[in-house]
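Please keep the structure open while you read this note.

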Amino acid sequence: RFNAFIGPQGTQDMILTPEGNTGNYFSTQRRAARRTEWLETWSPVPLTFLGAHQIKVGSSWTASGDQGQYFDRPIDILNSGGAILQRISFSNANSFNRSDTEISAFVQDHWTVSPTLSLDYGARVEHQQLAENLRIAPRIGAAWNPFHDEKTVIRFGWGQFYDHIPLDVYTFGRYPTRIITNFGPDGLPLGPPVTYTNVIGSANGPKSFFVRGEQVAGAFSPRGSTWNAQFERIVNSRFRFRTVFIDNRSVGLITFAPQPVDGGEQIVLNGNGYGRYWQAELTGKVTWGSDSQLTFSYVRSRSRGNLNGFDSFLGNFPGPLVQNDLYSNLPGDIPNRLVAWGMVNTHIWKLMIAPTAEFRTGYPYAAMNQFQSYVGLPYSDATRFPDFFDVDARILRDFKYRGKYNIRLSVTGFNLTNHFNALAVHENIADPQYGIFFGNWHRRYRFDFEVLF
């Protein structure tokens, strides 16, 4: 059982301006959630048939519920001069109470074909009552040691995976209704207010052989098809390396967007979102002595998808605005990342050093105008934070105490090069400081005292 109350520190309107936000957060919510789950797994004695088979079978039954109410206060969008451009008010009459039942079962087999080859394969079947569909999730993996020296391993895996659909999605129709009024330069309304009703749309994304059910309202099946390949080699006693490639293509993701209809406007949840993430990784590890090692890793990746994922609008802290849905880089996209870390025995006064260094591409951000709408393509490569660079190091020493205890004293230095790593940016083009990055953790130190037992 989970009870939550989330609210602002006051009852003022939330005020959005190009220079920043004032007032109070607009949303208050009270929720009571419950979840009851039964799990069962069974593993019989390993079977022998063309190798060894370790089979596992399992099932689960889950009943969940969510009830409560959201109460939203007005949001005022002002220009740099303090004149009102838009006011968003809400109709707050509805409460919600939804329940759901989920049933799933799986079977998997770890098949040791030979000492150098093993396979994992299986499937999972899921049914969620509110989604009104049956979802089948097959998967397969393999590990192969092609040489007799047992220093090389090749791995491969593929599977289809489904996102659990939270009850927040099915309470969307009971959320406060938005009423938007636009204002002219004279401060007078530009026509009557426009009401946006909340609608749960259909699962109009691509069909799949592994999803059985009608494409009706709320029959969502967000899923990802993921495969990965890995090559790992122990070169000698001091050096090993690993290369990994991962590709995930997600479809049927739940998104929301404003949508005009005859006689009004709607905010519609649909199951037509798409996303893709791929990653190529090269990692090397160097060891020497009995307790010294350094690991280096470079990752090249891209993360793209629909920006209006439902989790940014539903949940504990929904965003105040509803933007048009676009396909672009996701806010966490990092094309390049180089990391090094390890532990080094200095053999001086029994001191150990744990260094960490990281260099990566800066996160993308979205440029906004005075109406708090996107300017150009948000989160594109043209609008990114500066590259991030950080070097940390921890120096530590252990002291024996009464035989079974260790006293560890350490000092850690953060951002030792004092590199400027921005935490935020003035992203509104109507802000006189537009494009200026700010916020930074300067060089700092921390002393630690630990008792290990």
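1. Is Arg-337 buried, partly exposed or exposed? This is a predicted model. Arg-337 has a relative accessible area of 37%. Buried means under 20% and exposed over 50%, so Arg-337 is partly exposed.

2. Arg-337 pairs with Glu-358 in a salt bridge, with the closest N and O atoms 2.9 Å apart. The pair links distant parts of the chain: Arg-337 sits in strand E21 and Glu-358 in strand E22, 21 residues apart. Glu-358 counts as buried, at 15% relative accessibility.

3. The whole structure holds 20 salt bridges. One of them joins the side chains of Asp-13 and Arg-87, at 2.9 Å from N to O. Asp-13 lies in the loop between strands E1 and E2, and Arg-87 in strand E8, so the pair ties together parts 74 residues apart in sequence. Arg-87 is partly exposed, at 30% relative accessibility.

4. Arg-446 and Asp-448 also form a salt bridge, their closest N and O atoms being 3.0 Å apart. Arg-446 is partly exposed, at 42%. Asp-448 is partly exposed too, at 21%. Elsewhere, shared partners join Arg-302, Asp-333, Asp-381 and Arg-384 into one network of salt bridges.

5. Now look at Pro-18, in the loop between strand E2 and strand E3. Pro-18 is buried, with a relative accessible area of 6%. Its contacts include Leu-78, Gln-370 and Asp-431.

6. The largest cavity has about 90 Å³. Its lining has seven nonpolar, one polar and two charged residues. Among the lining residues are Phe-26, Tyr-70, Asp-72 and Arg-178.

Technical notes:
Residues are numbered from 1 along each chain as its sequence is written. This is a predicted model: local features need pLDDT of at least 70, side-chain atom pairs count only at pLDDT 80 or more; totals for chains, interfaces and linings use all residues. Side-chain values use heavy atoms; hydrogens and water are left out. Helices (H or I, at least four residues) and strands (E, at least two) are DSSP runs, numbered from the N terminus. Buried means under 20% relative accessible area, exposed over 50%, partly exposed in between (1.4 Å probe, protein chains only). Contact means heavy atoms within 4.5 Å. On a 1 Å grid over the protein atoms alone, a cavity is a set of points where a 1.4 Å probe fits but cannot get out, and a pocket is an open set with protein on both sides within 12 Å along at least five of seven lines; lining residues have an atom within 4 Å of a point. Grid points are joined across faces, edges and corners, and a volume is the space filled by probe spheres set on the points. Ala, Val, Leu, Ile, Met, Phe, Trp, Tyr, Cys and Pro count as nonpolar, Asp, Glu, Lys and Arg as charged, and the others, Gly among them, as polar. A salt bridge is a side-chain nitrogen of Lys or Arg within 4 Å of a carboxyl oxygen of Asp or Glu. Lists of a residue's contacts leave out its neighbours within four places in sequence.
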